[in-house]
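Please read the following report alongside the sequence and the coordinates.

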Amino acid sequence: MNDTDQEQTLEEWVNVGHFPTLNEAYDHGLVILAMGEACRVEASQDADGFDLHAEKHPAPRISDELDAYGRENALPVKTIQRGPEWSRYSAGWPLCLVWIAILLVTFNEQRMDASLVERGASSSVGLFARGEWWRPFTGLFLHADLSHLMGNLVGGAVFGALVSKMLGPWRAWLLILACGTVGNILTASLRYPEEFLSIGASTAVFAALGILSGVGLVETLRERVRLPWLRIAAPVVAGVVLLGWLGGGEAGSNTDVMGHVLGFGSGLVAGTAAGMLLPEPQRA
């Protein structure tokens, strides 16, 4: 190549930007390369820093693109904070304490007035034959003995706190009690016209477990990756395992297994619906 050719070649490159650091020059060079154009970086001869050169013909278009890139990078970046989905609300311990207090006071009243169980237990005949609509709800607060009471106190507090962290305390406890009541209604309807009585908060406790499983199922389905079916069903499978472990009862006991299952089922349906109504979390 002769001197004339070299001068013509050098004249084909123009300066499209000056940058204080080599990294900045390289970053802007990537913009040019992404446009399908050539570029090169050289140490500046007139000042500190580095010059970015591009071919003369596409230089105006490259300058416009670099200006747009600079404006975009100058915009403030908003960082999206995402905590774990199960902790979007507080555990609602004050409402847990109210729950515990109501069960303890009611149990004390039972000991002083034996007729309270007779008047408040969930009853298939009482509900459907005599129209005593309150029984599926009031039956949740009555217990056979101290061990029955303590199990539901602990289970209700734990599962109630977890549901509260997912849905908010007030919504959680209203939904838990509503699903527990629905579980008792369904149990009574399946037993009627047979006389069937049941007491205990366990239907509501297993309703809380069902709500957790339903919300967890929705959260899993919202993931942006393809998952195996077992991974998708994992929240429900875990709930069913816990239901069988905690709610099956022993042979010959008076455990209301049907109530546990229907309470869990009611909670599962309600939890799935509630999970679908929750706003989908923003992704960074």
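The sections below begin with the basis of the model and then turn to its local features.

## Basis and confidence

This is a predicted model, in which local features need pLDDT of at least 70 and side-chain atom pairs count only at pLDDT 80 or more, while totals for chains, interfaces and linings use all residues. Residues are numbered from 1 along each chain as its sequence is written, and side-chain values use heavy atoms, with hydrogens and water left out.

The chain has a mean pLDDT (the predictor's confidence in each residue, from 0 to 100) of 81, and 78% of its residues reach 70 or more. Confidence is highest in helix H7 (residues 135-138), at a mean of 96, and lowest in helix H1 (residues 3-11), at 47; helices here are DSSP runs of H or I with at least four residues, and strands are runs of E with at least two, numbered from the N terminus.

Over residues 1-10 the pLDDT stays under 50, and the model has three contacts (heavy atoms within 4.5 Å) for them beyond four places in sequence. The pLDDT is also below 50 over residues 77-86, a stretch with eleven contacts beyond near neighbours in sequence. Where pLDDT is low, the predicted coordinates should not be read in detail.

## Strand pairing

Strands S2 (residues 39-43) and S3 (residues 50-55) pair in the antiparallel sense over five bridges, where pairing requires that DSSP finds at least two bridges between the strands. Glu42 stands opposite Asp51 in S3. Six residues lie between the strands of this hairpin, in which Gly49 takes a positive phi near 115 degrees.

## Cysteines

The structure holds zero disulfides, a disulfide being a pair of cysteine sulfur atoms within 2.5 Å. Cys179 counts as buried because its relative accessibility is 5%, whereas Cys39, at 22%, counts as partly exposed; buried means under 20% relative accessible area, exposed over 50%, and partly exposed in between, with a 1.4 Å probe and protein chains only.
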